[in-house]
Amino acid sequence: MITIKDVRGQVLERFDKPVTGRGMQYQAAEAERLIAAVEVESALITHEQSIAVMATMDTLRQQIGVRYPGE
């Protein structure tokens, strides 16, 4: 379950959908769809948006001190 709260702690939204796997199945399904359709970029998220998300994740990891082997 995921709960989104505002700064006062009031619940704004709650997601109570069961999660299966690690979430990567959605990316894999979209990649499979793109390959089958001979498309190079998803309409769901652009290459630039993907890169921006990864940059944000890298910044967050740096701020909280998370490092992976080989870094």
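In the predicted model, strands β1 and β2 form a hairpin in which 5 residues lie between the two strands, and Gly9, located in this turn, adopts a positive phi of about 90 degrees. The two strands, β1 spanning residues 2–5 and β2 spanning residues 11–15, run antiparallel and are joined by 4 bridges; within this pairing, Ile2 has Phe15 of β2 as its bridge partner.

The largest pocket of the model has a volume of about 260 Å³, and its lining is made up of Tyr26, Gln27, Glu30, Ala31, Leu34, Ser42, Leu44, Ile45 and Ser50. Helix α1, which covers residues 24–36, provides the largest share of this lining, with 5 residues.

Leu44 and Ile45, which are listed among the residues lining the pocket, also belong to a nonpolar patch on the surface, formed together with Val53, Met54, Met57 and Leu60 and amounting to about 570 Å² of accessible area. Leu60, a member of this patch, is found in helix α2, which comprises residues 47–64.

The C-alpha atom of Gly70 is separated by 26 Å from that of Gln49, the two residues being 21 residues apart along the chain.

Notes. Residues are numbered from 1 along each chain as its sequence is written. This is a predicted model: local features need pLDDT of at least 70, side-chain atom pairs count only at pLDDT 80 or more; totals for chains, interfaces and linings use all residues. Side-chain values use heavy atoms; hydrogens and water are left out. Patches are made of residues with over 30% relative accessible area and no salt bridge: like charges are joined within 9 Å, nonpolar side chains (Val, Leu, Ile, Met, Phe, Trp, Tyr) within 5 Å. Accessible areas come from the Shrake-Rupley method with a 1.4 Å probe; for residues, only the protein chains shown count as cover. A salt bridge is a side-chain nitrogen of Lys or Arg within 4 Å of a carboxyl oxygen of Asp or Glu. Two strands pair if DSSP finds at least two bridges between them. On a 1 Å grid over the protein atoms alone, a cavity is a set of points where a 1.4 Å probe fits but cannot get out, and a pocket is an open set with protein on both sides within 12 Å along at least five of seven lines; lining residues have an atom within 4 Å of a point. Grid points are joined across faces, edges and corners, and a volume is the space filled by probe spheres set on the points.
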